[in-house]
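Please look over the sequence and the structure shown here. The text that follows walks through one part of the fold and then the chain as a whole.

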Amino acid sequence: MEKKCETCGKIFSVRPYLAEIRKHCSAECKHQANRVTLTCKTCGKTWETWKSQIKIHDRPGAGQFCSKPCADQAKVIQKPEKPAKRVPPEIFKTCEVCEKTFRVYPCRKETARFCSTACKGRSESYRAKCSEQQQGEKSWRWSGGVYKNCDGYIRTKRNKNGYVVALHEHTQVIIKWMLEDDPEHQFLVEVNGHKRLHPDIEVHHIDRVRSNNVRDNLLAVIYTAHAQIHHKGKKPEPWECWPSNPKRW
């Protein structure tokens, strides 16, 4: 069987079972067909390489430069310029106390009033506002105060050994209730001469309202059973809660 060489055009004989494989009349033609001449885009130098090498290194810039220095030089030339950094406008305000002009960040342009902490302390309006916010029940130091925290629980403040502490109201209600009805229950432990709930015991709000701390709405329960109530709606066992066998849970 005869075929035409794809490189030199010469007619050559080939066996039928090699007709689809043999494309060149000789090894020299095959070698020449697999070589390619490239021109460097930086220095203009020409060089020969295998076509397979270009496919192996198939990446941006492959086969365009004769050496790494030429490729690095092209990167410097082709590197786009960075956009100019946006500088926010400068904002200046006048201090309410010393009337000195001072610079503020854009986020404080509506709230900044004083140039320094010293001027803030000398401001009568600022001191009056702080005093009003800290008077009576508004002060965190106030003993006996009642407030709702960010989680919705009611907390009460009282003096303890010369320090002001904030306690959860539902815990105090359940302890007082248990001391009246079942003071020897295993859920109660004595610490420094005072009865308190065991660390493994939590208080469950039956109606799921954390600020509703009436007795009928509270249930002392083991922490594992407390999780089962909320996540699986499973009723606690009699030994896992107090009062035992509650009608509502």
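The model is predicted. Its protein chain has seven helices and 14 strands. Three of these strands form an open sheet in the order E12-E13-E14, with antiparallel pairing. Strand E12, residues 201–205, and strand E14, residues 241–242, stand at the edges. Each of the two has a single partner strand, so one side of each lacks a neighbour in the sheet.

The pairings can be taken one at a time. E12 and E13 run antiparallel and are joined by five bridges. On this side of E13, Leu219 is the bridge partner of His204. Strand E13 covers residues 218–222, and its antiparallel pairing with E14 rests on two bridges. Here Ala220 stands opposite Trp242 of E14.

Two helices pack on this sheet. Helix H6, residues 169–181, touches E12, E13 and E14, and its direction makes about 90 degrees with that of E13. Helix H7, residues 223–232, touches E12 and E13, with its direction at about 120 degrees to that of E13. Strand E12, which is touched by H6 and by H7, is mostly covered: four of its five residues are buried.

Which residues of H6 are buried? They are His170, Ile174, Ile175, Trp177 and Met178. Seen down the axis of H6, the buried residues fall within an arc of 165 degrees, so they line one face of the helix. An α-helix has 3.6 residues a turn, so residues three or four places apart point the same way. In H6, the buried set includes His170, Ile174 and Met178.

The remaining values describe the whole chain. Of its 249 residues, 23% count as buried, where buried means under 20% relative accessible area. The protein chain exposes about 18700 Å², and carbon and sulfur atoms supply 50% of that area. Among contacts in the chain with a separation of 6 or more, residues 24 or more positions apart account for 23%.

Technical notes
Residues are numbered from 1 along each chain as its sequence is written. This is a predicted model: local features need pLDDT of at least 70, side-chain atom pairs count only at pLDDT 80 or more; totals for chains, interfaces and linings use all residues. Side-chain values use heavy atoms; hydrogens and water are left out. Two strands pair if DSSP finds at least two bridges between them. Contact means heavy atoms within 4.5 Å. Axes are lines fitted to C-alpha atoms, for helices over the stretch in contact, and angles run from 0 to 180 degrees between N-to-C directions. Buried means under 20% relative accessible area, exposed over 50%, partly exposed in between (1.4 Å probe, protein chains only). The arc is that of the directions from the helix axis to the C-beta atoms. Accessible areas come from the Shrake-Rupley method with a 1.4 Å probe; for residues, only the protein chains shown count as cover.
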